[in-house]
Amino acid sequence: MASVPVSRRSVGMSGSSRRTPAAPWRHVDFGLALAAIGVSGFGLLMIYSATRANLLSEGLDPGYYLKRQAVFVVVGVVVMGLTMLIDYRRLRDFAPVFYIGSVLALLAILSPLGKRALGAQAWFQVGPYQLEPSEFAKIALIIGLAAICANYKGKMGGRELCIVLALSAVPFALIYKQPDLGTALVLAAILFGVLLVGGVKARHLAILMGVGVIAVAAVLHFGVLKAYQRARVTAFLDSSSNSEATYNLNQSKIAIGSGGVDGKGLFKGTQTNLSYVPEQQTDFIFTAVGEQLGLIGCALLLSLFVLMVWRTWRAATTARDATGTLICVGVLAMFVFQIFENVGMTMGIMPIAGIPLPFMSYGGSAIVASFAAIGLVLNVQMRRYS
Amino acid sequence: MSTQSEAPSAQSRLTVLAVVVVCLFAALFARLWFLQVIDAPSANAAAQDNSVRIVYTPAPRGRILDRNGNVLVDNTVSEVVSMTDQKATAEPGVISQLALVLNVSDASLEQLVNSKQYGPYDPVPLAQNVSPSVVVYLRENQTAFPNVQVQAEAERSYPYGSVGANILGYVGQIDSQELTPARKRAGYQPGDVIGKTGVEAAFESYLRGQPGVTKLLVNSKGVVLQTLASVPPVQGHDVWLSIDINDQKLAEQSLADGLAATRLTSDRGAGGPGHDFTAPGGAVVILDPTNGSVLALATNPTYNPEDFVGGISEAKFDQYLNNPDHPLIDRTIQGVYAPGSTFKLGTAIAGLQTGVITPTQYFDDRGYLQVGSNKCNPVFPVAGCFDNDNHQVYGRINLTSALTVSSDAYFYQIGVTLNDEAKYGVDGLQNGDKEVGYGSPTGIDLPNEAAGLVPDATSRAKEYAEFPKDFETGQWFTGDNVNTAVGQGEVGVTPLQLANAYASFANGGTVWVPQIALKVTTQSGKVLQTFAPQAKSHYTLQPDWRAALLSGFEGVTAASNGTAYAAFSGFPLSQYPVAGKTGTAQVVGKDPTSVFASFAPATDPQFTVVALMEQSGYGADAAAPVVRRIYEGLFNLSPNPGQVQIQSGGKD
């Protein structure tokens with residue numbers, strides 16, 4: 001990164017940086033960093049508990065997923081540190097590079113280079129690991145939207161809004177095409193958050209939301225979605241239907257509900273140990289918390305998330321400039337949407353969409369991207385005085 | 001940067017964002033509270049339901065033995081392949097692989113798997129009696145067949161084949177009607193085996209045993225991970241019958257041979273058109289007259305109980321149901337027949353008890369009896385005239401000789417006299433018939449016994465109200481009483497009722513409840529319950545009445561003018577005197593029913609034997625020879641009883 005030539009420099013910024021070189025590191029929000037690392041550790045334990053019995057029954061190493069996820073977390077923490085190193089204003093200057101890079105990567109995924117699995121084409125195979133560009137596209141979009149909206153200085157007319165929408169639509173369409181509806185919706189949430197705080201007119205926001213509602217209704221009604229997508233989206237509305245999605249949802253609710261207040265105890269959940277909940281180490285990891293650790297464990301986890309969101313919000317309010325604020329807002333919107341959608345889905349109040357729970361769900365790209373996002377927030381936060 | 005004007009706006013927008021975020025998290029906490037506090041009990045139950053599977057292992061049924069301990073119904077072990085979860089194994093790969101292993105076609109297996117008969121989680125039996133190599137293969141490759149299980153199940157086996165099938169009954173899967181709330185409380189599950197007929201049904205509660213209950217921990221793929229609790233099944237108790245399997249075989253064989261021989265005989269001698277008798281079926285009953293225990297109940301045709309093992313095919317069952325000769329009907333207790341002259345025992349009892357006849361009184365038999373004003377003619381039928389068979393004229397006869405020669409006129413007279421309501425009350429004749437057990441079930445411990453009918457004015461009125469087209473009027477005439485007196489008209493009895501009536505006479509007037517079961521023992525041999533003989537009723541039988549009747553019945557076989565004299569010629573009657581009565585019941589449009597009711601030795605009755613053969617002619621010709629052969633067997637007169645010697649052109 002450091003070797004990349006810098007095209008444009010903010011004189012004032014680099015000047016202050018040179019005056020007190022150690023200053024930003026005195027303002028690092030260790031609470032936020034520790035919360036993220038803490039949740040990841042919690043996630044490791046839950047992934048182990050959710051996969052151990054099944055792996056054992058198949059004669060495999062019960063720590064298989066645990067070990068891989070541990071590697072991802074370590075990589076994630078390193079990436080978080082690296083993200084903090086480079087001043088976010090310098091990163092902002094590279095926003096077009098990140099944006100174009102992520103769009104190219106998403107295009108490549110749809111080409112024969114991408115790996116096809118479970119009906120979706122979403123990643124590159126890199127040795128024993130899969131790289132999911134859509135996860136990193138979220139980060140690229142956050143930086144890009146923050147950069148462009150900050151540039152409008154709170155004055156967003158129709159023309160500006162259209163440019164922002166057009167720029168967001170490209171990665172949205174590419175990810176939707178994979179198809180990965182869930183991640184596409186995360187992009188929409190990021191866009192919504194940045195627009196809300198970035199100064200879009202209330203009138204425009206209302207129109208956008210109206211269009212969104214109509215679009216969702218139209219998509220459901222005119223069968224643009226594939227049958228399984230539709231079943232997943234509507235399963236939470238109709239618990240009596242017989243689709244696989246309804247079965248998954250019921251098992252998920254049973255797992256969480258049967259945990260009760262204090263849970264069944266670690267490694268003692270029947271739903272978890274007997275693999276009644278599908279995709280439990282990834283999208284349904286929250287059910288492992290709910291069944292084994294009960295309301296107490298779930299509340300602790302959600303509290304850690306609240307802490308992270310609160311620190312991110314604080315970073316947004318105290319950021320030195322609009323770019324910093326909007327980066328934090330983008331990250332906040334991303335996390336809040338993912339947490340709400342994912343946890344809400346496992347409890348039957350949100351449609352089923354393949355969105356990972358940040359820092360908890362098994363998956364390298366998601367973990368690394370989440371740590372990168374926290375790195376961005378820390379980056380903005382530590383440089384609020386410089 | 002115009003921070004002054006922008007800052008408050010950005011700040012307020014951030015506040016809006018914060019409110020939205022707080023709302024979303026509040027929603028999550030609220031939902032969490034609902035699921036984990038309010039809804040926790042039902043979720044807990046659902047989680048239990050999910051992972052704990054209760055498997056009932058049917059207990060092997062108890063055995064059924066004859067009075068000497070010969071095992072009539074036993075169990076064999078059959079390896080049954082079944083599928084525990086229809087939904088999960090609907091993958092075509094598993095089906096076709098399993099079809100290959102079981103050596104059946106994909107289509108037929110698929111049809112079984114998708115059978116609507118079973119609930120989505122009930123095990124569906126796919127193959128019975130699987131070879132050991134298939135069992136081993138399936139057990140070793142359990143993961144390839146995730147929901148397929150192999151279980152040893154006890155199946156019924158019948159060491160004597162179809163002998164006594166009508167008594168023993170068959171078993172089958174419980175159906176929705178049989179699965180009553182009471183049975184559900186007793187632990188019956190859909191798919192359980194239950195006794196459907198005969199002893200299997202009547203003694204179900206003893207034979208069934210205690211099903212084993214196993215609680216299994218099962219993962220989402222249906223793989224059993226752990227047994228949480230297991231109570232093994234306990235085999236049912238053994239039921240010992242009063243049946244003697246040798247007597248049963250003797251009765252069935254004699255009946256079958258008799259029917260076969262009759263089918264080779266022309267019906268011209270019995271007044272038929274000259275075809276061979278069709279003799280489609282019949283029944284034999286052997287009772288111990290001293291206590292009512294049943295030694296044999298033979299019915300013909302019958303069925304093979306092995307056809308029902310492991311579930312009878314619909315085609316096979318239909319074949320049994322649609323057979324015009326009704327092989328599934330036990331004629332001994334479910335067949336209702338006009339008994340003909342064998343009914344005269346009841347008429348005689350009625351006559352003696354009312355004083356209409358005495359043993360010493362004589363009667364002038366002119367070959368007919370005139371009822372009403374029409375002058376009777378010995379040759380041409382005249383309305384109101386009731387003839388003896390073949391217009392035989394017996395002259396001066398008493399009760400004894402009337403029975404020996406089977407005079408109808410003598411008994412017509414009793415019917416006429418007893419129809420006088422003013423003098424003998426309502427049902428003067430019928431009361432006597434009912435005293436010997438006709439008109440109501442004997443109470444034998446077998447299911448679906450028929451009651452039969454002793455017709456009278458009340459039953460006639462009732463039937464007329466129900467089927468007005470079948471009768472000219474609903475009135476009861478003297479002629480009806482006359483027909484009833486000789487076991488014709490609407491009189492209906494089962495072969496068991498007939499045998500029980502003669503048994504009551506043989507023992508001096510006690511009507512026993514015929515008993516098929518002697519005792520119930522546990523598998524360790526402990527006697528759990530014994531069934532003592534049970535007297536149903538007792539009627540007055542003065543010594544002189546009994547003597548007169550007895551010598552009449554003895555004369556039937558021993559006297560040269562006895563109706564069954566020819567059938568018993570050569571039989572050592574001096575050693576084993578046989579008291580009997582022939583009966584030839586007229587059936588409209590068909591050859592008569594041939595009946596013989598008897599007991600022996602007449603002096604010290606040990607056996608009551610009744611044979612009844614449909615469309616087989618005279619009682620003396622078909623039924624009496626069958627009974628004779630049975631006595632030969634019962635008294636060990638010849639180690640290999642010869643052919644049944646069917647008579648011809650015989651007597652009523």
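This is a short tour of a predicted model, stop by stop, for you to follow in your viewer.

Residues count from 1 along each chain as its sequence is written, while chains are lettered from A, and ligands numbered from 1, in the order in which they are written. Because the model is predicted, local features need pLDDT of at least 70 and side-chain atom pairs count only at pLDDT 80 or more, whereas totals for chains, interfaces and linings use all residues.

**Stop 1**

A contact means that the C-beta atoms of two residues, placed from the backbone, lie within 7 Å. Where pLDDT is low, predicted coordinates should not be read in detail.

**Stop 2: two helices in chain A**

Next, show α7 (133–151) and α9 (181–198) of chain A. Helices here are DSSP runs of H or I with at least four residues, and strands are runs of E with at least two, numbered from the N terminus. The axes of α7(A) and α9(A) are 10 Å apart, at an angle of about 15 degrees. Axes are lines fitted to C-alpha atoms, for helices over the stretch in contact, and angles run from 0 to 180 degrees between N-to-C directions. The two helices are therefore roughly parallel (angles under 35 degrees). To see the contact, pick residues including L141(A), I142(A) and L145(A) on α7(A), and V186(A), L187(A) and I190(A) on α9(A).

**Stop 3: where chain A meets chain B**

Display both chains: 37 residues of chain A are in contact with 32 of chain B. Which element gives the largest share of chain A's side? That is α14(A), with 10 residues; its span is 285–318. Other elements giving two or more residues include α12 (244–259) and α15 (322–346) of chain A.

**Stop 4: a sheet in chain B**

Finally, select strands β1, β8 and β9 of chain B, an open sheet with antiparallel pairing in the order β1-β8-β9. Strands pair if DSSP finds at least two bridges between them. β1 (52–57) and β9 (224–231) stand at the edges with a single partner strand each, so one side of each has no neighbour in the sheet. Between β1(B) and β8(B) (212–218) there are 6 bridges. Zoom in on R53(B), which stands opposite L216(B) in β8(B).

Note on methods. Parallel < 35°, antiparallel > 145°, perpendicular 65-115°, else oblique.
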